[in-house]
Amino acid sequence: MVIVNAQRSADRAYKPVVIVHGIWDKRTSLDFMANRIREVHPGTSITVVDLLHGTSSLAPNWFFLSIKMWEQVEAFGAVARQINTENPNGIHLLCYSQGGLVCRGMIETLSDLNVSTFVSLSSPQGGQYGDSFLRLIFHKAVKKTVHRIFYTSPGQRYSVANYWNDPHHQASYIKHSKYLPYIDNVIPEATNESYRTNFLRLNKLVLIGGPDDGVITPWQSREDESVENMEDRDIYKQDLFGLMSIQNRTKIYTVEGVYHHQWHQNISVIDTCIIPHLD
């Protein structure tokens, strides 16, 4: 176990931490991680955002014709903005699983949100394409055919469809997906330079994941489904939303032996990969 020095003078208080949960998570799912940060960094203001738990993180609100991921960006963003207003020197975003994509949308689209460190904990930043994850939610669906549902207007009202990145149906993905290709800035006619500008305001980006996750599948991929390094992806080489420009402020942790639902309860991960970046 790594013990992190918790001593800090009153005039160097830790920035507030805003924690955003993932898909299906319960109200208390991320409490262990929050409590560990409080233990190591006493006095830190930590908010585990109490919104859109369980099926509300996935299923559409049929009273509103909204895209699920943009709905979450708006809801979680409102909470983060309020905390940021009270702490103008900046906040940290610690975002797990689907929450990592929600948080990236917040960072890119909310110009008045001052985020110092963005920790993406086992998040499908490159999109999702895998049966193991799919069948946790849609038990009879298979990855080779679910594009027929996800890449439709009704399908896009489910959160996972907003970042389902089928490498064999990229034209449909670009045409119909209403979230991930937009924040990735890969649609030429919809390129938004402010997304890149806002992303580059980050002081630090922390990416945490591993090959034994079992849910974020594939955790690295390209069109032929073989492993591809982040630096080899066009989205990185073309610097479409600023990922290459921020490389000197990016820390990447690849951790073996951690299953998806263990990340936020693994003290070694929390102490080694997360807490040192929460200044």
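**Disulfide, rings and cores**

A search of the whole structure, which is a predicted model, finds one disulfide.

Q: What makes Cys-95 and Cys-103 a disulfide?
A: Their sulfur atoms lie 2.0 Å apart, and the criterion asks for a pair of cysteine sulfur atoms within 2.5 Å, so Cys-95 and Cys-103 qualify as a disulfide.

Q: Why is the disulfide of Cys-95 and Cys-103 called left-handed?
A: The torsion about the S-S bond is about -85 degrees, and the disulfide is therefore left-handed.

Q: How do you know whether Cys-95 and Cys-103 are buried or exposed?
A: Cys-95 has a relative accessible area of 0%, and Cys-103 is likewise at 0% relative accessibility; buried means under 20%, so Cys-95 counts as buried and so does Cys-103. Cys-273, at 4% relative accessibility, also counts as buried by that cut-off.

Q: Why is the pair of Phe-150 and Trp-164 called edge-to-face?
A: The structure holds five aromatic pairs, and in this one the ring centres are 5.6 Å apart with the planes at 75 degrees; since centres within 6.5 Å make a pair and planes over 60 degrees apart count as edge-to-face, the pair of Phe-150 and Trp-164 is edge-to-face. This pair links distant parts of the chain, with Phe-150 in helix α5 and Trp-164 in the loop between α5 and α6, 14 residues apart. Both Phe-150 and Trp-164 are buried, and together with Tyr-129 they form one aromatic cluster.

Q: How do you know that the charged end of Arg-104 sits over the ring of Phe-241?
A: The charged end of Arg-104 is 4.2 Å from the ring centre of Phe-241, and the distance part of the criterion asks for within 6 Å. Lys-251 lies over the face of Tyr-253, at 5.3 Å from the ring centre.

Q: Which residues touch the most other members of the largest nonpolar core?
A: Of its 49 residues, these are Leu-93, Met-106 and Phe-118. A second, separate core has 24 residues, including Val-255 and Ile-275.

Key: Residues are numbered from 1 along each chain as its sequence is written. This is a predicted model: local features need pLDDT of at least 70, side-chain atom pairs count only at pLDDT 80 or more; totals for chains, interfaces and linings use all residues. Side-chain values use heavy atoms; hydrogens and water are left out. Rings of Phe, Tyr and Trp (its six-membered ring) pair if their centres lie within 6.5 Å; planes under 30 degrees apart count as stacked, over 60 as edge-to-face and the rest as tilted. Helices (H or I, at least four residues) and strands (E, at least two) are DSSP runs, numbered from the N terminus. Buried means under 20% relative accessible area, exposed over 50%, partly exposed in between (1.4 Å probe, protein chains only). A charge sits over a ring if NZ of Lys or CZ of Arg is within 6 Å of the ring centre and within 35 degrees of the ring normal. A nonpolar core is a set of buried Ala, Val, Leu, Ile, Met, Phe, Trp, Tyr and Cys residues joined through side-chain atoms within 4.5 Å.
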